[in-house]
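Welcome! Here is a short briefing to read alongside the sequence and the coordinates.

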4 protein chains.
Amino acid sequence: MQNVVIKEIFDGFNDYLNKEQELREQIREVVREVDQAVKEATIALQVIHSSLTEVSAACVVARKQFELCRQSFQRLAALIPEGQYYRYNDHWHFLMQRVVFLVALTVYLEKGFLVNRDTTAEILGMKTKQADGFHLDIEDYLLGVLLMATELSRYATNSVTLGDYDRPLAISKFVADLNSGFRLLNLKNDGLRKRFDALKYDVKKIEEIVYDISIRGLRADSTTGSSAAAPAAEQ
Amino acid sequence: MQNVVIKEIFDGFNDYLNKEQELREQIREVVREVDQAVKEATIALQVIHSSLTEVSAACVVARKQFELCRQSFQRLAALIPEGQYYRYNDHWHFLMQRVVFLVALTVYLEKGFLVNRDTTAEILGMKTKQADGFHLDIEDYLLGVLLMATELSRYATNSVTLGDYDRPLAISKFVADLNSGFRLLNLKNDGLRKRFDALKYDVKKIEEIVYDISIRGLRADSTTGSSAAAPAAEQ
Amino acid sequence: MQNVVIKEIFDGFNDYLNKEQELREQIREVVREVDQAVKEATIALQVIHSSLTEVSAACVVARKQFELCRQSFQRLAALIPEGQYYRYNDHWHFLMQRVVFLVALTVYLEKGFLVNRDTTAEILGMKTKQADGFHLDIEDYLLGVLLMATELSRYATNSVTLGDYDRPLAISKFVADLNSGFRLLNLKNDGLRKRFDALKYDVKKIEEIVYDISIRGLRADSTTGSSAAAPAAEQ
Amino acid sequence: MQNVVIKEIFDGFNDYLNKEQELREQIREVVREVDQAVKEATIALQVIHSSLTEVSAACVVARKQFELCRQSFQRLAALIPEGQYYRYNDHWHFLMQRVVFLVALTVYLEKGFLVNRDTTAEILGMKTKQADGFHLDIEDYLLGVLLMATELSRYATNSVTLGDYDRPLAISKFVADLNSGFRLLNLKNDGLRKRFDALKYDVKKIEEIVYDISIRGLRADSTTGSSAAAPAAEQ
């Protein structure tokens, strides 16, 4: 190249481009670790669809995987340069929703309530404020909760198969409340909105299961509301 | 909603969602200002395709619009919260490339060389470091330079129509050097790479114009290299 | 631009284009208000799926939101220039159907019959004639009624869960009559036709609920027709 | 149907629905007439691509077809109920752009300038104000002008083939001015914007034709600007 000015200008960029590519490779590596832990936790929690007695044990296994996620996320947090969380978050966006889903499902199975974002972040060793850099995004939290609702509709179906007629009623109340919670939100017309629009199918599905139980007189009694809300893992 | 826990969790999110939407609206407003300035500068610089004598004046008009962009960008910089540049940069990504294109074209017309990223940022009142928050991204700079190359191929065509047979030769050398500059870069397989792949068509187009001029003996002489490199605006 | 004729022609259009964009922005603002009221009314009316005793109270809340809609629609009517209702109605088309749905559901819950278009328009402070400019479109009215039918099928399901075995029978008769009503219409092959075609699934769904109740001998007696038609809100 | 209320409500709608369908059928009939005239005018004007001497005659034929369009548009105007132009304009939206294109092309061939919207409307027997009901929409006018630009790039190519080396230069100036005209407009991100973005390809194409003529020394002389702008039909 004859033009020294241009050569100088471009020479300076390669350092930047190479560093970025290296960093992305490192991120991908950590993300693969999280992906592995997510897979293990998912497999463990699948047992809820086929057994009433192994739920507690599955939650223990899942908790161990969250501990692995926690370690990976701390490495990830150290990798991301200040102010560049949103530059790289495409790498873990989807996976983070899966992790939140698993944490929320586990806490629901253990305790019967919705884990909030702060506790989810704590379990995963993450911050919650944007100013803290690597943090648990509100959108990722909400999308993870929606994933749980879909899993719960499947759980309601299989509970009936396993002979547990109280579980679907508790799930129905819980998911109806989630639905009302999302309705409170001022969602703009984006991905979260569309995903929330699909929640109604989960709600309807679970209501129909409860209907089938009710019409056949399979509900324990009409005052089962509180006991039905008991966490699955304590059964 | 009967579930107090869920209500509390969701109530807290609306504040966040509303603030985000307000901020995006404010960003859109400033971006519209920049868009207007870009339009005016573009119209002014179009004169290079139809007149040999009005180039300097057009550069003066464009420079005034860059001053307006500078003011808008400073407002934009004040709007973006720390560490969230990459969260919102979709709003100005494309427009920033247009601004860089116009600055690079203007400097080339005035001085005959490639403006570097630091000077471009200075003209636009922007920082250059990522750590500084709102900054002139390297990718946006490079994509703007590629837009200029395409405009220069059109400029070469119309220079011939206007009877200026030296200009295409100078442009050819300049764009060939740009091409060599981009070849130095370690581009991964992304948007920048694809856009760079299209640069070869501009290079080829300009080379054919120089060929047409050469084969017809329309070049002043074989030592016109230096005079041809003279900026257009000084003619 | 050197061409004075062209410059003059185009100069005149910007005023038009800017005014249109301003108007659309104003319309969007009012539509957002209606959207908020729709959201509140929807949340209030969700209670019919989980409680037999709170229906009346929910209708009162919904009515208050219709009052807010009424005020917004009057502002909207003032915004739309004469003869341009159909130019801008994409902004409120979908939302209008939601409002009609909520009004029709509320009136059904209160009185047990189908609100007609005139009364719906009156509740919302709208005209009914096209010549009046901003009016309640027949298509929007019909599409809103179809939305209600789907909600009623869910209501029938949950009534059973709540132990109300008369409600589904009343709903079944009502929705069957809606179905007959739509059959009277000479629908062409458009959106309304397609949406009506889906009504049969709601009809079928509700019929199956009534079947489930009947086959299990859960119906009060065979002469419950008139009492079942009693509005929910009076229970 | 047992429900008298519902029957009454629906009975009233059929009259409305039938009238609408009848009206749409009548509109379609008139639109077919216009379509036929557009076809004839298009065929007549195709001669500009193969003959230098038959342009005037082609314009005369086209003008006769515009007279037929004029009569059809007057029938159409009488059909459209007050305030419902925008309800039915999907029927003629596309065709109207074709008609404007043909009128603009004919006037350009005859006189060498851009016909304005008022004159176009006059030729077609249409109003220009929205308040007048059936009128020539600004968007349709602008889209028609853009169609003409594409045809002119083809005309420039074929003029060279026919040995007319001045025509492309005049077209180049004209289309460059159209381009500047469109740049003045505050277009939002819609169909018109996208269509305008494609104009640059027409501009570039024509510039390259002028380039080819220039580099080969085929231009009459450097002062041909004014004579080149002379209308084609007067040759």
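In chain B of this predicted model, helix α1 (residues 4–45) packs against helix α2 (residues 55–79) at an angle of about 170°, and their axes lie 8 Å apart. Angles over 145 degrees count as roughly antiparallel, and α1(B) and α2(B) are therefore roughly antiparallel to each other.

**Helices**

- The contact of α1(B) with α2(B) is made by 18 nonpolar, three polar and three charged residues.
- In chain A, residues 13–40 carry the annotation "coiled-coil region", which comes from an unreviewed UniProt entry.
- That stretch of chain A, residues 13–40, is 100% helix and 0% strand in the model, with 41 Å between its end C-alpha atoms.

**Chains D and C**

- How is chain D superposed on chain C? A rotation of 180° with 0.1 Å of shift along its axis does it, giving an RMSD of 0.1 Å.
- The two copies are thus related as by a two-fold rotation axis.
- Gly83(D) is the residue of chain D that comes closest to the rotation axis, with its C-alpha at 1.8 Å.
- These copies meet through the same surface, because 98% of the interface residues of chain D are also interface residues in chain C.

**Chains B and D**

- Superposing chain B on chain D takes a rotation of 87° with 3.5 Å of shift along its axis, and the RMSD is 0.1 Å.
- Why do these copies meet through different surfaces? Only 12% of the interface residues of chain B are also interface residues in chain D.

Technical notes. Residues numbered from 1 in each chain as written. Chains lettered and ligands numbered in written order. Predicted model: local features only at pLDDT ≥ 70, side-chain atom pairs only at ≥ 80, totals over all residues. Heavy atoms only, no water. Least-squares fit on C-alpha atoms with pLDDT ≥ 70 in both. Contact = heavy atoms within 4.5 Å. UniProt positions renumbered as here; feature names shortened; annotations may be inferred. Helix = DSSP H or I, 4+ residues; strand = E, 2+ residues; numbered from the N terminus. Axes fitted to C-alpha atoms, helices over the stretch in contact; angles between N-to-C directions. Parallel < 35°, antiparallel > 145°, perpendicular 65-115°, else oblique. Nonpolar A, V, L, I, M, F, W, Y, C, P; charged D, E, K, R; others polar.
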